Amino acid sequence: MADSPQALTNTLPERPSWRPGDRRTDRASMLRVDQAGEYGATRIYAGQLAVLRGSSPAAHLVTHMASQEERHLARFNQLMAERRVRPTLLQPLWHVGGFAMGAVTALISESAAMACTDAVETEIDKHYAEQLEHLGEEDPELAADIRQFQAEELEHRDIAREAGALDAPAYPVLTAAIRGICKVAIGLSKKV
Ligand SMILES: [Fe+2]
Ligand SMILES: [Fe+2]
């Protein structure tokens, strides 16, 4: 049977992520926003750990995830130093805002703290996926790190869901609000 036009289209090679004439990716901006995001993540978890009982299962999970965020942050700090990229000027805002978001969600409940991770990691996964698409073959060193961190962020999202994120009060509203904040923070950290 002859292939339909649709089937033929489906077999065409995918459009390369960069073609002559396209704008090159701004990798300084990429590193800046990624470092800001990982910094924010460490601050969110610091805020949660300030509130959660140290012996609680939630605190145990958060401690594990926070140690991975520290590693992500250290790697982006290193890449920024090597490549002479300045950090975002908004770091003080993420210092306070991240901590506050973590503390407030943990004060609501342990499931709300988990919903915070669920929401944040959902946005970060999308963000890293977009970056990988833009990078294409351009910067294998950076792409390998982003790919590994993206996988770990997805693990965090799944840990949070298994630990009761979906039981959080007003889960849809809470996660939509946090995702909105993440989108704004990502947009700002790319530019400033
Ligand atoms: Fe991370
Ligand atoms: Fe994470």
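The model is predicted, so local features need pLDDT of at least 70 and side-chain atom pairs count only at pLDDT 80 or more, while totals for chains, interfaces and linings use all residues. Residues are numbered from 1 along each chain as its sequence is written, and chains are lettered from A and ligands numbered from 1 in the order in which they are written.

**The whole chain**

Begin with a cartoon view of the chain, which has seven helices and zero strands. Helices here are DSSP runs of H or I with at least four residues, strands are runs of E with at least two, and both are numbered from the N terminus. Along the sequence the pattern reads α-α-α-α-α-α-α. Of the 192 residues, 35% count as buried; a residue is buried if 20 or more other C-beta atoms, placed from the backbone, lie within 10 Å of its own, exposed if 12 or fewer, and partly exposed in between. Among contacts with a separation of 6 or more, 84% join residues 24 or more positions apart, a contact being two residues whose C-beta atoms, placed from the backbone, lie within 7 Å.

**The largest nonpolar core**

Next, select Ala58, Val62, Ala113, Met114, Ala115, Cys116 and Val120, the residues with the most contacts inside the largest nonpolar core, which has 39 residues. Such a core is a set of buried Ala, Val, Leu, Ile, Met, Phe, Trp, Tyr and Cys residues joined through C-beta atoms within 7 Å. At least two residues come from each of α2 (27–51), α3 (57–83), α4 (91–108), α5 (110–135), α6 (140–162) and α7 (171–191). The most are given by α5, with nine residues.

**Tyr45**

Now select Tyr45, placed in helix α2. Tyr45 counts as buried because 29 C-beta neighbours lie inside 10 Å. Leaving aside residues up to four places away in sequence, Tyr45 touches Val62, Met65, Ala66, Glu69 and Gly102. Then move to Val62, which, with the same exclusion of residues up to four places away, touches Tyr45, Gln48, Leu49 and Leu52.

**α2 with α3**

Show α2 and α3 together. Their axes come within 8 Å and cross at roughly 155 degrees; axes are lines fitted to C-alpha atoms, for helices over the stretch in contact, and angles run from 0 to 180 degrees between N-to-C directions. The two are therefore roughly antiparallel, given that angles over 145 degrees count as roughly antiparallel, under 35 as roughly parallel, 65 to 115 as roughly perpendicular and the rest as oblique. The crossing is left-handed, meaning that the near helix is turned anticlockwise from the far one by less than a right angle, whereas clockwise is right-handed. The contact has 13 nonpolar, six polar and five charged residues; Ala, Val, Leu, Ile, Met, Phe, Trp, Tyr, Cys and Pro count as nonpolar, Asp, Glu, Lys and Arg as charged, and the others, Gly among them, as polar.

**α2 with α5**

Select Met30, Gly37, Ala41, Ile44 and Gln48 of α2 with Ala113, Cys116, Val120, Ile124 and Gln131 of α5 to display the contact.

**α5 with α7**

Finally, show α5 and α7, whose axes come within 9 Å and cross at roughly 45 degrees. That angle makes α5 oblique to α7. Their crossing is right-handed. Residues of this contact include Cys116 and Val120 of α5 and Leu174 and Ile178 of α7.
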